[in-house]
Amino acid sequence: MEQYAHALAEFVRVHQAWAAPIVFVLAFGESLAFISLLVPAWGALVGIGALIGASGISFYPVWIAGGLGAALGDWVSYWFGFRYKERVAQMWPLSRYPDLLPKGEGFVRKWGVPSIFIGRFFGPLRASVPLAAGIFEMPYWSFQVANFVSALVWSAALLLFGDVIAKLMEWIWRLV
C-alpha cells in the first residue's frame, strides 16, 4: 500500500491539475462501504497533503474535493444500508468481517448523530458507521449535516497533517 500511496503522490506532484479530482476519488473510496476495506487511501491523502505546501498546489480546491468525496461516499453507504438493511451483513466483503457491522451498530446506537463525526476518524468505523446509520434509519438530515461537516474536517485534517509532516521534514533536513 505504501508504494500505491507514493505513486499517487508522485503523479499529483507531476500533474498538479489532477490533485483535486484524485483527492475526490480517494476520499470517496476511503469513505464508501465495502471499497474502504479493500483500498485504504488515507496514506495517499496525507502524501498529497505534503505536496500542497511544497509544490504550490492550492489547498482549498483539494480540501473541498476531499470533503465532497468523503461525504458522497458516506451518503452512498447510508443509502445502501437504508435500502438493504440487515442483508448487507451477508454481502461480500462484509461477510468476511462479521464483527464489523455489529461494532458500527453499537457505536451508532450509543453515540447517535455524533457517531457520524467520531466514526469518520477511526479506520474500519469510517465506512461501517454510515452503513449502520442507514440500516437503523438515523434521521436523514441529521445524518447529512454530521456527514458533510465531519467530511470537511476530516479532509482538512489529513491534508494539513501531510503538509505539517512535509514542513517538519524540511526543517529537519535544514538542520542536518
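Q: What do buried, exposed and partly exposed stand for in this predicted model?
A: In this predicted model, a residue is called buried when its relative accessible area is under 20%, exposed when that value is over 50%, and partly exposed in between.

Q: Why is Lys85 called partly exposed?
A: Lys85 has a relative accessibility of 22%, and because buried requires a value under 20% and exposed a value over 50%, Lys85 counts as partly exposed.

Q: What makes the contact of Lys85 with Glu137 a salt bridge?
A: The closest N and O atoms of Lys85 and Glu137 are 2.8 Å apart, and because the rule asks for a side-chain nitrogen of Lys or Arg within 4 Å of a carboxyl oxygen of Asp or Glu, the pair forms a salt bridge. The pair links distant parts of the chain, 52 residues apart, with Lys85 in the loop between helix H5 (59–84) and helix H6 (100–111), and Glu137 in the loop between helix H8 (125–135) and helix H9 (140–175).

Q: Why does Glu137 count as partly exposed?
A: The relative accessibility of Glu137 is 47%, and since exposed is kept for values over 50% and buried for values under 20%, Glu137 counts as partly exposed.

Q: How do you know that Glu10 and Arg13 meet in a salt bridge?
A: The N to O distance between their side chains is 2.5 Å, which is to be set against the cut-off of within 4 Å, and the conclusion is that Glu10 and Arg13 meet in a salt bridge. Both residues lie in helix H1, 3 residues apart, about one turn of the helix.

Q: Which accessibility class do Glu10 and Arg13 fall into, and why?
A: Glu10 is partly exposed because its relative accessibility is 32%, and Arg13 is partly exposed because its value is 42%; the class covers what lies between the 20% and 50% limits.

Q: Why are Lys167 and Asp163 separated by about one helical turn?
A: The two residues are 4 residues apart in helix H9, and therefore about one helical turn separates them.

Q: Is Asp163 buried or exposed, and why?
A: Asp163 has a relative accessibility of 12%, and because a value under 20% is what the term buried requires, Asp163 counts as buried.

Note on methods
Residues are numbered from 1 along each chain as its sequence is written. This is a predicted model: local features need pLDDT of at least 70, side-chain atom pairs count only at pLDDT 80 or more; totals for chains, interfaces and linings use all residues. Side-chain values use heavy atoms; hydrogens and water are left out. Buried means under 20% relative accessible area, exposed over 50%, partly exposed in between (1.4 Å probe, protein chains only).
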